Amino acid sequence: MAPKLERFVSPGKGNGVRAKAGIRRGELLYSAEPLASCVSNKLAADICHHCLTRSVSLLRCSQCKMAHYCSITCQKKAWSGHKRECKCLRSLLPRIPTDSVRLAARLMFALLSPSKSNCEELYTFEEHESHLNSMSEQKKQGLSQLASMLELYLQQEVPDVAQETMSLPPSCQEPLNLIAKVTCNCFTISDGELQEIGVGLYPSLSLLNHDCRPNCVMVFEGTKLQLRAVRDINPEEELTVSYVETLSLTEDRQRQLEDQYHFTCHCQRCDSPDTDRLMLSGEEATCRLLKEALPKLEGLRADSNWQVLLANCRHLLSTVAGDVPEENLYKLRVTDMAVDASIQLENWVEAEAYGKKTLPAYRQYYPDPHPVHGVQLMRVGKLQHYLEHINDAFDTFRQAYEIIKITHSDDHHLTTELLMKMRECHIEMDHRSSSSH
């Protein structure tokens, strides 16, 4: 763990991390590779299972048919971690276990490997909570099914799970306990566009407690997780991150936190109704119409049914018109989906128009530098640039840069791309200016 951080007991929360010295916003506080990780099943054929790079042409493991790699080099580097998993995957073909089962198996192999021991400084996986005692019977039953799948999955490579896991810490020996720990403590790994691409376990970072307006954010470079401050942090102040999507209502955030992480949030934002009032502003009947439409729209997006999705979004947004403001949460979500669909269908003018409408709400709901706001600005800037709205594009890229340089650092590939885009805009503006004289 970085020298400016220390483990402590946070009042009412248990273990936590706090600053030993003053921290400036944008400062890199911690960087770590996962103890174990895996690519999401739904993206298994689209992403390199070693470096997590997207590619249209990947090499497939000839044995398990599941793992894919962008090069022979990545395939060779991944083999030490994949070889035991490969046998397990082959034994279940054509079935593929869930992400959590695959992650738990990779974790077990990592814990049994001497090279992986003691790689975390402040918090070991053994210390992680399983929260089994506070779970409903229904959830325990679901986890029990996953634990049975884990044992079946491991059978080819670890015929006697109980015998082989005797060398592990007691809290990691029993499959149900292991699965519970994994599901409560894993991190979603995302790409530069903040799209989910996998899951991973970063034990020391599980010490970080939640806040709905956190002072730190986590971003990824491949599987490497980086923790950065988004506000100045005083000595002895606790470091926090958000466990859930903060662009949601208090009731929904608290339900997710209680269901997945087994605690009730009492942060300042949860105790203040102001943001919820803004998110629900407008005609109540129209809000309900938009809310009820979301599951269908999300299904269309999941199925990549872009034509129908865009038609539905257009109809809804023209129907509600001025009944609800752009800051209304449900209208914002519909507008975001209209942006996605328009981009997929290459309706650039429409995509830019919808994208611009989302920006005031993003600015309102992400008052501190946040990757989600920065990436949204970057997306709109690219649309403006493509449509040759050069002055607007430059201003949008500049706003994105001011955020991304804090959340991602000056040397991140997104920051480099933004600087390049701003330079391109400068050149084009200068060219236009000289042409007009």
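## Salt bridges across the chain

Lys87 and Glu157 join their side chains in a salt bridge, with N and O 3.7 Å apart. Lys87 belongs to helix α1, while Glu157 sits in the loop between α3 and α4 (161-164), so this pair ties together parts 70 residues apart in sequence. Lys87 is partly exposed, with a relative accessible area of 39%, whereas Glu157 counts as buried at 16% relative accessibility. Please keep in mind that this is a predicted model.

In total, the structure holds 25 salt bridges. Another one pairs Arg54 with Asp191, where the closest N and O atoms are 3.2 Å apart. Arg54 is in the loop between β4 and β5 (59-60) and Asp191 is in the loop between β7 (187-190) and β8, so parts that are 137 residues apart in sequence are tied together here. Arg54 is partly exposed at 42% relative accessibility, and Asp191 is buried, with a relative accessible area of 16%. There is also a network of salt bridges that links Arg301, Asp336, Asp340 and Arg379.

The chain has a mean pLDDT of 92, and 97% of its residues reach 70 or more. One stretch to treat separately is residues 116-120, where pLDDT stays under 50. For this stretch the model has eight contacts beyond four places in sequence.

Setting aside neighbours within four places in sequence, Leu178 is in contact with Ala104, Leu107, Met108, Phe125, Leu150 and Cys172.

Helix α11 covers residues 348-365.

The buried residues of α11 are Glu350, Ala351, Glu352, Tyr354, Gly355, Thr358, Leu359, Ala361, Tyr362 and Tyr365. They pack against α7 (274-279), α9 (306-320), α10 (329-344) and α12 (371-386). Glu350 also meets the side chain of Arg314 in a salt bridge (2.6 Å, N to O). Since Glu350 is in helix α11 and Arg314 in helix α9, the pair ties together parts that are 36 residues apart in sequence. Arg314 counts as partly exposed, at 36% relative accessibility.

Gln384 has its place in helix α12. With a relative accessible area of 3%, Gln384 falls under the 20% cut-off and therefore counts as buried. Beyond four places in sequence, Gln384 is in contact with Glu352, Lys356, His389, Asp392, Ala393 and Thr396.

Helix α13 (residues 390-407) has 18 residues and reaches 25 Å from its first C-alpha to its last, close to the 26 Å expected at 1.5 Å a residue. Its buried residues are Ile390, Ala393, Phe394, Thr396, Phe397, Ala400, Tyr401, Ile403, Ile404, Ile406 and Thr407. What covers them includes β10 (216-221), β11 (224-229), α12 and α14 (413-435).

## Backbone details to look at

Most residues other than glycine have a negative phi, and most peptide bonds are trans. Here are some exceptions. A cis peptide bond, with omega about 5 degrees, joins Leu93 and Pro94, and Pro94 lies in the loop between α1 and α2. Just after α13, Ser409 takes a positive phi of about 100 degrees.

Leu52 is not a glycine, yet has a positive phi of about 65 degrees. Leu52 lies in the loop between β4 and β5 and is buried, with a relative accessible area of 12%. Leu194, also not a glycine, has a positive phi of about 65 degrees. Leu194 is found in the loop between β7 and β8, and is partly exposed, with a relative accessible area of 28%.

Key: Residues are numbered from 1 along each chain as its sequence is written. This is a predicted model: local features need pLDDT of at least 70, side-chain atom pairs count only at pLDDT 80 or more; totals for chains, interfaces and linings use all residues. Side-chain values use heavy atoms; hydrogens and water are left out. Contact means heavy atoms within 4.5 Å. pLDDT is the predictor's confidence in each residue, from 0 to 100. Buried means under 20% relative accessible area, exposed over 50%, partly exposed in between (1.4 Å probe, protein chains only). Helices (H or I, at least four residues) and strands (E, at least two) are DSSP runs, numbered from the N terminus. The expected span of a helix is 1.5 Å times one less than its number of residues. A salt bridge is a side-chain nitrogen of Lys or Arg within 4 Å of a carboxyl oxygen of Asp or Glu.
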